[in-house]
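This briefing is for a reader meeting the structure for the first time. Please look over the sequence and the model before going on to the notes.

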Amino acid sequence: MNIKDIDILTLIPQKRPFVMIDRLLSCNDTEATTDLIIKEDNLFCKDGFFLETGIMENIAQTCAARIGYINMYQKDENIKIGVIGSIKDLIITKLPKVGSQLITKIKVLSEVFSITLVEAEVYDNKELLARCEMKISLTDKEI
């Protein structure tokens, strides 16, 4: 099975209309990449732009898709719910417009017990729009 063909809703705990990623494009133990086509009816769109809160949730869901893929396809475990623990050094240089395709890349900096620290970058057509470090904590609650 091609990773791009996996139904994203099977990898993340979020449900529509709160889904901020469309597909998992690549994934391994330390990195993951997702995409999102921004639609006008997105909860985080205002006046034709995807807002900062949407970008942060997009990053968090990319983290969720990575761990969901690892749990489901490598460890044969259930998907667990994660929460944002912190966001550090968030820089957003430009808000993407409706119709843009975001490519979000995360790289694991460290994993200790149930806490994962990643660096994230969000691109629109190869233009870097946002970057940050995000800490995600996995709970024991499964979906």
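Predicted model: local features only at pLDDT ≥ 70, side-chain atom pairs only at ≥ 80, totals over all residues.

Residues are numbered from 1 along each chain as its sequence is written, and side-chain values use heavy atoms, with hydrogens and water left out.

**Strands and hairpins**

- Helices (H or I, at least four residues) and strands (E, at least two) are DSSP runs, numbered from the N terminus. Two strands pair if DSSP finds at least two bridges between them.
- Strand β1 (residues 23-27) pairs with strand β2 (residues 31-37) in the antiparallel sense, over four bridges. Three residues lie between β1 and β2 in their hairpin, and Ser26 stands opposite Thr33 in β2.
- Strand β6 (residues 101-112) and strand β7 (residues 115-124) are antiparallel partners, paired over 10 bridges. Lys105 stands opposite Glu121 in β7.
- The hairpin of β6 and β7 has two residues between the strands, and Phe113 in the turn has a positive phi of about 50°.
- β7 also pairs with strand β8 (residues 127-142), in the antiparallel sense and over 10 bridges. Here Ile115 stands opposite Ser137 in β8.
- Two residues separate the strands in the hairpin of β7 and β8, where Asn125 takes a positive phi near 50°.

**Salt bridges**

- A salt bridge is a side-chain nitrogen of Lys or Arg within 4 Å of a carboxyl oxygen of Asp or Glu. Buried means under 20% relative accessible area, exposed over 50%, and partly exposed in between (1.4 Å probe, protein chains only).
- Arg23 and Asp35 meet through their side chains at 2.7 Å, N to O. This pair links distant parts of the chain, with Arg23 in strand β1 and Asp35 in strand β2, 12 residues apart. Arg23 is partly exposed at 33% relative accessible area, whereas Asp35 is buried at 2%.
- Arg66 forms a salt bridge with Glu111, and their closest N and O atoms are 3.4 Å apart. Arg66 lies in helix α1 and Glu111 in strand β6, so the pair ties together parts that are 45 residues apart in sequence. Arg66 is buried, with a relative accessible area of 3%, while Glu111 is partly exposed at 43%.
- Arg131 and Glu121 meet in a salt bridge of 2.7 Å, N to O. Since Arg131 lies in strand β8 and Glu121 in strand β7, the pair ties together parts that are 10 residues apart in sequence. Arg131 is partly exposed at 37% relative accessibility, and Glu121 is partly exposed at 24%.

**A negative patch**

- Asp76, Glu77, Asp140 and Glu142 form a negative surface patch. Patches are made of residues with over 30% relative accessible area and no salt bridge; like charges are joined within 9 Å, and nonpolar side chains (Val, Leu, Ile, Met, Phe, Trp, Tyr) within 5 Å.
- Glu77 is in the loop between α1 (52-74) and β5 (80-92), and is partly exposed with a relative accessible area of 39%.

**Cys27**

- Cys27 sits in strand β1 and is buried, with a relative accessible area of 17%.
- Cys27 and Thr62 are 35 residues apart along the chain, and their C-alpha atoms are separated by 9.9 Å.

Technical notes. Areas by Shrake-Rupley, 256 points an atom, 1.4 Å probe, with all protein chains shown as cover. Lys, Arg positive; Asp, Glu negative; His and termini not counted. Charge placed at Lys NZ, Arg CZ, Asp CG, Glu CD.
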